[in-house]
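Subject: Structure handover and notes

Hello,

Below is the structure we discussed, with the sequence alongside. My notes follow it.

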Amino acid sequence: MTTTGAQQTQDGPEHSEIPEATVRKAVGAAAMGNLVEWFDYGIYSYVTVYIAASILGGDDSSNVGLVLALFAVAYLVRPFGGIVLGPLGDRIGRKKVLAMTIVTMSGASFLLGCLPTFSVAGWGAPVLLILIRLVQGFATGGEYGGAAAFIAEYAPDKKRGFYCSFLEFGTTGGFVLAAGMVTILEVTLSDAAMHAWGWRIPFLVAGPLGLIGLWLRSKLEDTPAFRALEAKAEVSDSPLKDVLTKHWRPIMVCIGLVLFYNVAVYTVLFYMPTYLQTTLELEATPALLYVLGMMLVIMFVIIPVGALSDRIGRKPLIVTSCIGFILLSYPAFLLLDSSTVWGTVLGLVILALLLVMLLGTMSATLPALFDTEVRYGGFSIGYNISTSIFGGTAPAILAWLVTATGNNAFPGVYLAVASVISLAAVFVVKESAGKPLPGAVQTSVSSTV
């Protein structure tokens, strides 16, 4: 008999069997939210030049650098979002908090599309931009950790890597949607129209996308692991206190893993369009097409990588990626700086293949660091502290380093150093492939509903 609850096996330990249709719905709902989150963030990086001209009243390189710095502003509050929303998700449930985050994120993006220009509001325009980014950053602090925990707690043990990789498929899908939309707008609209109003359209689209994500999430129950805690009356009254006093070691491991993971993500996916346009002086449309092609390669490979991690383990892929970034990041950026088509393509392919080994494994690796009663909070706190310090700041730091050193390939050095620093955490993390999540019963998937 198929059940969605826990049952006693012949060998003794409890076992939970979840209908495959339910797992797929849970994965789709969480991935959709992640798509909206990164669609919002992707747009910002792809229309940086237009924001600089419209909101800051100029289009010179110094204003572009300022816009990238404002991009990092949201990351100042992400740890606070993780500290507040993560433990809240451990106390009232993953589903309720994830509904809150997706509405707030998409609403903030919609308001970005409605911002007055510098010529209309003066310095009020960038002030409003900062305020909206702060709200967006706070909400984002509770999104990724919750979405990863949501999928991980629904996914069967032996296919957790496969199902969790769809979360990052949604991430890349958000980037592809943003890059594709901006590219179409740049091809179909004049430069004057893009500067005047065209750049606002993708931000306005984020509003309806958020409502779709909210609808998908509202159709599901909370995760089996959290409902089991509720049934046993084991939900913590003070999850923040518990995670900080009893689970600080996995938080430190999480921070270390996320350090090079997010430096890689924000360098390759966020900074790359600006790098190609402002540093290598490519035209906007070819630059976006290069990045779009790279992300399509990542999307094509990411699910098989997640499935591979279920067979050979997460650690071999993470270690390979880390060592690969140490050895190949600088050569990849030298290829990009060659200003040839094949050099650019090969450089992007190298970075994409190294990054996809992280994208396909981390969303299954990080939730397994924490027990069920503190998973949302522990993940969100560790992830967002590291992201705030090392991820969100990466585009602005890289832009400054290229200018200060005069070396267009210097971002490769930054990537390599981040990977070296994270090696200790990579080797310390325990293999989680095929094993139950800490504090949870063994799970499998059933083809019947």
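Axes here are lines fitted to C-alpha atoms, for helices over the stretch in contact, and angles run from 0 to 180 degrees between N-to-C directions. Helices (H or I, at least four residues) are DSSP runs, numbered from the N terminus. This is a predicted model, in which local features need pLDDT of at least 70 and side-chain atom pairs count only at pLDDT 80 or more, while totals for chains, interfaces and linings use all residues. Residues are numbered from 1 along each chain as its sequence is written, and side-chain values use heavy atoms, with hydrogens and water left out.

Helix packing

The axes of helix H8 (residues 160-188) and helix H10 (residues 201-218) come within 10 Å and cross at roughly 140°. That angle makes H8 oblique to H10; angles under 35 degrees count as roughly parallel, over 145 as roughly antiparallel, 65 to 115 as roughly perpendicular and the rest as oblique. The crossing of H8 past H10 is right-handed, where right-handed means that the near helix is turned clockwise from the far one by less than a right angle, and left-handed means anticlockwise. In H8, Leu 177, Met 181, Val 182 and Leu 185 meet Ile 201, Pro 202, Val 205 and Leu 209 of H10, contact being heavy atoms within 4.5 Å. The residues of this contact divide into eight nonpolar, no polar and no charged. For that count, Ala, Val, Leu, Ile, Met, Phe, Trp, Tyr, Cys and Pro are nonpolar, Asp, Glu, Lys and Arg are charged, and the others, Gly among them, are polar.

Helix H13 (residues 248-279) and helix H18 (residues 375-391) have axes that come within 8 Å and cross at roughly 45°. H13 is therefore oblique to H18, and the crossing is right-handed. Residues of H13 in this contact include Ile 251, Cys 254, Val 258 and Tyr 266, and those of H18 include Phe 379, Tyr 383, Ile 385 and Phe 390. The contact residues of H13 and H18 comprise 12 nonpolar, six polar and no charged.

H13 also packs against helix H1 (residues 20-46), at an angle of about 35° and with the axes 7 Å apart. Here Trp 38, Tyr 41, Gly 42, Ser 45 and Tyr 46 of H1 meet Tyr 266, Leu 269, Phe 270, Pro 273 and Thr 274 of H13. Seven of the residues in this contact are nonpolar, three are polar and none is charged.

Salt bridges

How many salt bridges does a search of the whole structure find? The search finds eight, a salt bridge being a side-chain nitrogen of Lys or Arg within 4 Å of a carboxyl oxygen of Asp or Glu. Glu 153 and Arg 94 form one of them, at 2.7 Å from N to O. This pair links distant parts of the chain, with Glu 153 in helix H7 (residues 144-154) and Arg 94 in helix H4 (residues 94-112), 59 residues apart. Both Glu 153 and Arg 94 are buried (buried means under 20% relative accessible area, exposed over 50%, partly exposed in between, with a 1.4 Å probe and protein chains only).

Arg 217 forms a salt bridge with Glu 143, the closest N and O atoms being 2.7 Å apart. Arg 217 is in H10 and Glu 143 is in the loop between helix H6 (124-140) and H7, 74 residues apart. Arg 217 counts as buried because its relative accessibility is 6%, and Glu 143 is buried at 0%.

Glu 221 and Arg 227 also meet in a salt bridge, at 3.8 Å from N to O. Glu 221 counts as exposed at 53% relative accessibility, whereas Arg 227 is partly exposed at 26%. Elsewhere, salt bridges that share partners join Asp 90, Arg 94, Glu 153 and Arg 375 into one network.

Glu 281 has a positive phi near 60° and is not a glycine. Glu 281 lies in the loop between H13 and helix H14 (284-312) and is exposed, with a relative accessible area of 66%. Ser 339, also not a glycine, has a positive phi of about 60°. Ser 339 lies in the loop between helix H15 (314-337) and helix H16 (341-359) and counts as exposed at 58% relative accessibility.

Regards

Definitions and conventions: Helices (H or I, at least four residues) and strands (E, at least two) are DSSP runs, numbered from the N terminus.
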